[in-house]
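Q: I have a model open. How should I read its features?

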Amino acid sequence: MGEVILKTNDLTVDFKIKKNVFGKPDRLSAVQNVNIEIRRGEIYGLVGESGCGKSTLANAILGFVPITSGSFECFGHTMTAASKASEWKEVRRHMQTVFQDPYSSLNTRFTVWQIISEPLYIAGERDERVLRERAAALVEKVGLSLRDLDRYVFEFSGGQRQRIAIARALIANAELIICDEPTSALDVSVHSQICNLLLDLREEFGLTYLFISHNLSLIKHITEHMAVMYLGEVMESGATDAIFADPRTPYTEALMSAILEVNPQKDRERIILSGEARSPINPPDICRFANRCPRVCEACRTMPLPPAVSVGEDHVARCHLIGKEA
Amino acid sequence: MNVLEIKNLKILFRVGDDFVRAVEGVDIHVGEGERVAIVGESGCGKSVTGLACMKLHTTPPAYITADKFEFVSHDGTPHDILAKTENEMLALRAEEMAMIFQDPSTFLNPVMTIGEQLDEVFIYHMHMKPKEARRHSIEMMKKVGIPDPEMRAGQYPHELSGGLKQRILIAMATSLSPRLLIADEPTTALDVTIQAQILQLITERCEKEKMSLLMITHDLGVVREMADRVYVMYCGKIVEEGTVDEILTSPRHPYTKALIDTIPGMEEKVDRFVQIPHNVPHPMNKPAGCYFSNRCAYCTDLCRAKQPPLFDRGNGRKIRCYYEVEELWEK
């Protein structure tokens with residue numbers, strides 16, 4: 001396994017919500033003290049339900065939303081809330097992103113080659129012939145044809161649009177590709193096409209992916225490491241195989257039991273959680289999952305979530321119950 | 001006895017001077033107390049079929065024909081849905097058949113409180129006084145597991161989460177114990193843990209009120225969880241029909257087989273995913289023969305030339321494919 005290329009240190013993102021002109025704004029805690037490590041060449045899965053902060057974390061790493069506190073180290077830079085725009089620009093050279101909805105992430109007034117080569121244009125390449133050549137070199141790698149270069153996106157289906165978005169992410173030789181739910185807007189029969197494409201491209205270009213998804217079975221099959229988020233906090237992280245073999249927090253257990261099995265011969269025990277996630281606005285400093293947890297104890301309701309403890313090789317979890325069960 | 005029986009349903013949409021054939025000759029029946037699923041990808045005509053059962057299409061642009069479109073109400077009278085006027089349908093909806101939708105926020109009125117919207121069902125259909133209606137509404141909200149219903153009744157839809165809104169829709173749809181509940185992707189917009197709750201609630205409500213269920217979904221996991229029998233649709237046609245156990249364990253149509261294969265099992269880890277090549281054909285530009293022929297791994301000249309009929313293989317199993325599948329899989 002390669003060296004660590006991205007490491008977050010207590011990365012926190014808050015949003016301020018103003019009720020009115022006067023008074024103190026409310027604090028919406030989107031990402032709270034997140035520590036993850038991504039190694040070169042791996043696929044790192046980030047899983048959680050909507051509103052758990054997984055996209056915000058990705059956006060903070062890309063510099064789309066400001067960091068509130070904490071930092072992350074990436075390609076030799078340490079990025080904090082105080083980092084300058086020039087530094088962000090330098091870091092972002094190494095990163096690209098594929099968004100969830102290819103119907104809104106591609107400019108409908110650009111032709112395909114213009115879309116694909118835009119990152120190069122932004123990086124300073126102005127020669128149209130070069131831009132077009134670079135785009136042409138990539139389209140066939142993502143499963144489109146050279147004839148598609150001069151077409152507009154409305155002529156393409158969802159799966160093909162996602163291929164265009166992937167080509168755009170690759171053109172400027174980014175090393176870390178952040179995939180924010182790249183398949184969830186697509187038809188079921190096209191899912192595997194896109195996943196296989198991402199896997200092939202990783203082999204060919206030696207890419208690293210941060211793969212955000214709410215689809216646990218997908219995460220299980222393609223990632224080497226993963227983190228489970230709930231309301232802004234990472235509950236459990238480590239090697240994917242270890243987490244699936246032995247989930248150590250009640251939330252991860254519940255999430256895994258909620259995967260619907262297709263094969264009628266297999267039956268798993270289901271844990272159906274009661275209630276819904278609490279509001280992320282001004283959260284009390286206790287375990288954020290306490291109100292839904294089937295195994296809640298006194299400490300969960302009164303004390304802050306303990307720091308991550310190692311529960312096995314390459315596997316850490318945060319829960320009051322760890323150590324108490326035995 | 002069948003609650004709903006549809007024979008040779010065709011639904012066309014007018015687009016400019018042309019027609020899109022959204023549904024091409026579909027036969028569906030739902031027995032009393034039976035849970036039936038229609039599964040397919042977007043554009044296969046599954047939602048359009050569901051809406052047609054409630055007569056929620058407007059003509060134009062939709063043109064609907066069927067040899068038989070019969071719904072049997074609680075008292076045993078058969079109704080020909082296609083011949084009904086809008087006023088007659090108003091009497092059937094909610095009391096005899098009800099529907100829940102994918103995106104609950106689109107189907108709640110943003111300027112009315114939750115309570116007022118639930119009351120309407122009782123006021124219009126049961127001719128109750130507002131106060132009595134509200135009592136029933138609160139009762140219903142308790143039945144679908146909404147905490148603190150009195151407070152929620154005074155709130156507006158934007159103050160509720162997606163899961164709660166879906167519970168409200170289920171409360172509305174089941175408050176008069178209809179005979180048939182049509183659920184169109186009821187959990188697609190929800191999180192997995194909330195999905196588990198909602199599926200459990202729908203099952204519970206159907207059992208308690210003895211409702212038949214027509215579940216429309218793209219998720220085979222939901223089919224397995226919720227249905228006894230399933231119709232697999234592709235490009236406006238049924239390609240396979242049978243019990244859920246049979247279809248999920250031994251699919252016989254190449255499309256069904258491919259759909260199941262694309263979902264990797266949870267036990268062993270795979271390096272690559274099984275994929276179906278190409279895309280779903282555009283509805284105005286379907287292949288000449290079998291609609292799946294351009295993506296099918298077992299396609300022959302016969303498939304490309306002529307559309308296969310829906311072969312009856314006995315025991316309610318029907319397959320739209322020329323080949324017995326066991327011989328295909330071995331190739």
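Q: What does the predictor say about the complex and chain B?
A: This is a predicted model; local features need pLDDT of at least 70, side-chain atom pairs count only at pLDDT 80 or more, and totals for chains, interfaces and linings use all residues. Residues are numbered from 1 along each chain as its sequence is written, and chains are lettered from A in the order in which they are written. pLDDT is the predictor's confidence in each residue, from 0 to 100. Where pLDDT is low, the predicted coordinates should not be read in detail. Chain B has a mean pLDDT of 88, with 98% of its residues at 70 or more. The complex gets an ipTM of 0.79 and a pTM of 0.85.

Q: Into which domains is chain A divided?
A: Domain bounds come from an automatic or database domain assignment. In chain A they give domain 1 (4–94 + 175–317) and domain 2 (106–174). Their C-alpha centres lie 29 Å apart.

Q: How many residues of chain A and chain B does the contact take?
A: Two residues are in contact if their C-beta atoms, placed from the backbone, lie within 7 Å. Chain A gives 32 residues and chain B gives 39. H6(A) gives the most to the chain A side, nine residues.

Q: Is helix H1 of chain A mostly covered or uncovered?
A: Helices are DSSP runs (H or I, at least four residues), numbered from the N terminus. A residue is buried if 20 or more other C-beta atoms, placed from the backbone, lie within 10 Å of its own. H1(A), residues 54–62, is mostly covered, with seven of its nine residues buried. Among them are Leu57(A) and Ile61(A). Just after H1(A), Gly63(A) has a positive phi of about 80°.

Notes. A residue is buried if 20 or more other C-beta atoms lie within 10 Å of its own, exposed if 12 or fewer, and partly exposed in between; C-beta atoms are placed from the backbone. Helices (H or I, at least four residues) and strands (E, at least two) are DSSP runs, numbered from the N terminus.
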